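Trainee: Can we go through this model together? I'd like to start with the helices and then move on to the charged pairs.
Mentor: Fine, have a look at it first.

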Amino acid sequence: MYMLQLVVWTAFMAVLLLWPAGTLAYPGAWIFIGLFAGGGFGMVAWLARHSPELLRERMASPLQRAQAPWDRIWLSLFMLAFLGWLVFMAWDAARTGFAAVPRWLQGLGALAILIDFAGTWWTFRENAFAAPVVKIQTNQTVIDTGPYAFVRHPMYTSALFLLVGLPLLLGSWWGLIISVSLILAIAWRAVHEERTLRAELPGYEAYIMRVRFRFIPRIW
């Protein structure tokens with residue numbers, strides 16, 4: 001079932017990128033589709049073996065009853081913005097003949113996406129409570145090992161690589177500019193998510209005192 005979900009999402013991503021581009025000859029899009037499919041299938045297979053409960057959480061609906069109400073609104077808007085961002089970048093890249101961004105920078109973009117996958121996997125390995133929504137789960141505890149020893153939101157740190165790397169790979173400078181607003185939106189969510197964790201998760205206040213930075217060590 002989870003693999004079927006991933007197939008559907010991969011096909012949906014392909015439509016969002018190739019349709020507005022107006023051509024199948026869009027190398028950046030195909031590279032991303034391949035990375036998304038390969039990374040996604042690998043992650044699902046790993047989670048199915050090592051953390052099936054987390055897999056269920058990750059593949060569940062992004063809108064849930066136990067979710068903080070403000071997060072339902074945020075996640076709905078962010079998902080729409082992200083999908084619209086993909087469509088816009090494909091159109092923008094086609095408008096410039098897929099040549100606006102140099103090939104070597106597109107390669108760095110692909111590398112950044114791989115770093116995002118690696119960081120996400122590291123987070124999942126350490127934290128079986130890494131749900132995609134803001135909520136406190138049964139028996140949830142504070143995690144301070146692995147990437148959580150360096151930043152409080154390592155999945156968001158990984159997402160920074162995706163949000164910068166994807167517009168480079170797809171060949172859209174305007175997409176890179178728009179990514180700044182998506183990064184700021186994630187930062188806003190992190191601040192509000194921590195309010196929930198500090199209020200409802202025992203030990204999180206002490207964790208904040210030990211690990212001072214949210215996304216980037218020594219910066220924020």
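**Helices, a pocket and charged pairs**

Mentor: The 17 residues of H6 should span 24 Å at 1.5 Å a residue, and the end C-alpha atoms of H6 are 25 Å apart, so the two agree. The expected span is 1.5 Å times one less than the number of residues. Helices here are DSSP runs (H or I, at least four residues), numbered from the N terminus.

Trainee: What kind of model is this, and how are residues numbered?
Mentor: This is a predicted model, in which local features need pLDDT of at least 70 and side-chain atom pairs count only at pLDDT 80 or more, while totals for chains, interfaces and linings use all residues. Residues are numbered from 1 along each chain as its sequence is written, and side-chain values use heavy atoms, with hydrogens and water left out.

Trainee: Back to H6. How many of its residues are buried?
Mentor: 14 of the 17 residues of H6 are buried, so H6 is mostly covered. Buried means under 20% relative accessible area, exposed over 50%, and partly exposed in between (1.4 Å probe, protein chains only). Just after H6, Gly 171 takes a positive phi of about 85°.

Trainee: And H5, what covers its buried residues?
Mentor: The cover includes H2, helix H3 (52–59), H6 and helix H7 (173–200). Among the buried residues of H5 are Leu 105, Ile 113, Asp 116 and Phe 124.

Trainee: New topic. Which elements give two or more residues to the lining of the second largest pocket?
Mentor: Volume first: about 180 Å³ of space lies in the second largest pocket. The elements are helix H2 (27–50), helix H5 (103–126) and helix H6 (154–170). H5 gives the most, with 4 residues.

Trainee: How is a pocket defined?
Mentor: On a 1 Å grid over the protein atoms alone, a pocket is an open set of points where a 1.4 Å probe fits, with protein on both sides within 12 Å along at least five of seven lines; lining residues have an atom within 4 Å of a point. Grid points are joined across faces, edges and corners, and the volume is the space filled by probe spheres set on the points.

Trainee: How many salt bridges are in the whole structure?
Mentor: A search finds 8, a salt bridge being a side-chain nitrogen of Lys or Arg within 4 Å of a carboxyl oxygen of Asp or Glu. One of them joins Arg 189 and Asp 71, with the closest N and O atoms 2.8 Å apart. That pair links distant parts of the chain, with Arg 189 in helix H7 and Asp 71 in helix H4 (residues 69–95), 118 residues apart.

Trainee: Are Arg 189 and Asp 71 buried or exposed?
Mentor: Both Arg 189 and Asp 71 are buried.

Trainee: What about Asp 92 and Arg 95?
Mentor: They form a salt bridge with the closest N and O atoms 2.4 Å apart. Asp 92 and Arg 95 are separated by about one helical turn because they are 3 residues apart in helix H4. Asp 92 counts as buried at 2% relative accessibility, whereas Arg 95, at 47%, counts as partly exposed.

Trainee: Last one: where is Phe 215?
Mentor: Phe 215 is in the segment after H8 and is buried, with a relative accessible area of 4%. Not counting residues up to four places away in sequence, Phe 215 touches residues including Tyr 156, Leu 160, Ile 186 and Trp 220, where contact means heavy atoms within 4.5 Å.
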